[in-house]
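Here is a friendly tour of one protein chain, written for someone new to reading structures.

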Amino acid sequence: EYLKTGKKINRTYLLDNYNGKMNFPNVEIINKNEMDKLVKGNTQGIVLDIDYEYANLEEITCKENPLIVILDHLEDPHNFGAIIRTCEAIGVNNIIIPKDRGVVVNDTVVKTSTGALSRVNIIMVTNLVNAINELKRDGYFVYSAEADGEDFRKVDYNDKKLLIIGSEGNGLSKLVRNNSDVIISIPMKGEVNSLNASVAAAILIYGIGEK
């Protein structure tokens, strides 16, 4: 998927027994010990060295779906990658993350997203609240996920929607919550009332993304 973007690949590292049939630029053949030093985990015999470029608010385009997802200091790169996959699947083009104290695009995120990252804009902002208020001035309504909110299935949604998902441990930050229009929740009947952040995000993205 990254090759399809036409963006630059600084270096392609291939394991010395790699037998794939795709043509990559700037190839360097290395052994397993050398590859293990580059990245942790299973590489499947190939590593791309790229310079990932974040988008900015001015580059927001909603080709398929007007929903924008904001991650309020999410911490787990596996959750981030899974959320990117969900967004790409439903046609959500834009995810906003803060510059500090949260997950960034790294090798784990790229791998977990399984190619979806190349089709979704990741927008990094210095101040989440400022970004939220800028989008509100452009007509967006802010729907933030928290345990004490309204049943998301019973809320009337604006056409232009921001969905905010809080961090795994702390949920929404106070300032983000205070600048939200509606707090929404996923109703749960189990004894253990907790959902993984990426699972909760997927339910809400599909639940409100097409309303």
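## A lysine on helix α4

Let us start with a single residue. Lys111 sits in helix α4, which covers residues 107–112. Please keep in mind that this is a predicted model. Is Lys111 buried, exposed or partly exposed? Its relative accessibility is 45%, so Lys111 counts as partly exposed.

Which residues does Lys111 touch, once its neighbours within four places in sequence are left aside? Lys111 is in contact with Asn42 and Gln44. Look also at Thr43: in sequence, Lys111 and Thr43 are 68 residues apart, while their C-alpha atoms are 8.9 Å apart in space.

## The chain as a whole

Now zoom out. The chain holds 7 helices and 9 strands. Its C-alpha trace spans about 55 × 40 × 30 Å along the principal axes. A compact globule of 211 residues would have a radius of gyration near 17 Å, and the chain has 19 Å, which agrees.

How much of the chain is buried? Buried residues make up 44% of the 211 residues. The accessible surface comes to about 11,900 Å², and carbon and sulfur atoms account for 46% of that surface. Contacts tell another part of the story: of those with a separation of 6 or more, 73% are between residues 24 or more positions apart.

Strands of a sheet pair through backbone hydrogen bonds, either parallel or antiparallel. In this chain, 3 strands form an open sheet with the order β2-β1-β3, and the pairing is mixed. At the edges stand β2 (27–30) and β3 (46–49), each of which pairs on one side only. From one strand to the next, the twist averages 20°.

Take a look at one pairing in this sheet. Strand β1 (residues 11–15) runs antiparallel to β3, and 4 bridges link the two. To find a spot where they meet, look for Leu14, whose bridge partner in β3 is Ile46.

## The sheet of six strands

Another open sheet has 6 strands in the order β6-β5-β4-β8-β7-β9, with parallel pairing. Its edges are β6 (121–125) and β9; each has a single partner strand, so one side of each is left without a neighbour in the sheet. The twist here averages 35° from one strand to the next. Helix α7 (residues 197–209) packs on the sheet, where it touches β4, β7, β8 and β9, and its direction makes about 165° with that of β8.

Helix α5 (residues 128–137) lies across β4 (68–72), β5 (94–98), β6, β7 and β8. Relative to β4, helix α5 runs at about 160°.

With strand β8 (residues 161–166), β7 (residues 141–151) pairs in the parallel sense over 4 bridges, and Val142 has Leu162 in β8 as its bridge partner. With strand β9 (residues 182–185), β7 also runs parallel, joined by 5 bridges. There, Ala145 stands opposite Ile184 in β9.

## Two residues with positive phi

Most residues other than glycine have a negative phi, and most peptide bonds are trans. His73 has a positive phi of about 60° although it is not a glycine. You will find His73 in the loop between β4 and α3 (77–90). With a relative accessible area of 14%, His73 is buried, because the cut-off for buried is under 20%.

Thr114 also has a positive phi, of about 45°, and is not a glycine. Where is Thr114 found? It is in the loop between α4 and β6. The relative accessible area of Thr114 is 51%, so it counts as exposed, the cut-off being over 50%.

Terms used:
Residues numbered from 1 in each chain as written. Predicted model: local features only at pLDDT ≥ 70, side-chain atom pairs only at ≥ 80, totals over all residues. Heavy atoms only, no water. Pairing = 2+ DSSP bridges. Axes fitted to C-alpha atoms, helices over the stretch in contact; angles between N-to-C directions. Rg over C-alpha atoms; globule rule 2.2 N^0.38 Å. Buried < 20%, exposed > 50% of the residue type's maximum accessible area, 1.4 Å probe, protein only. Contact = heavy atoms within 4.5 Å. Areas by Shrake-Rupley, 256 points an atom, 1.4 Å probe, with all protein chains shown as cover.
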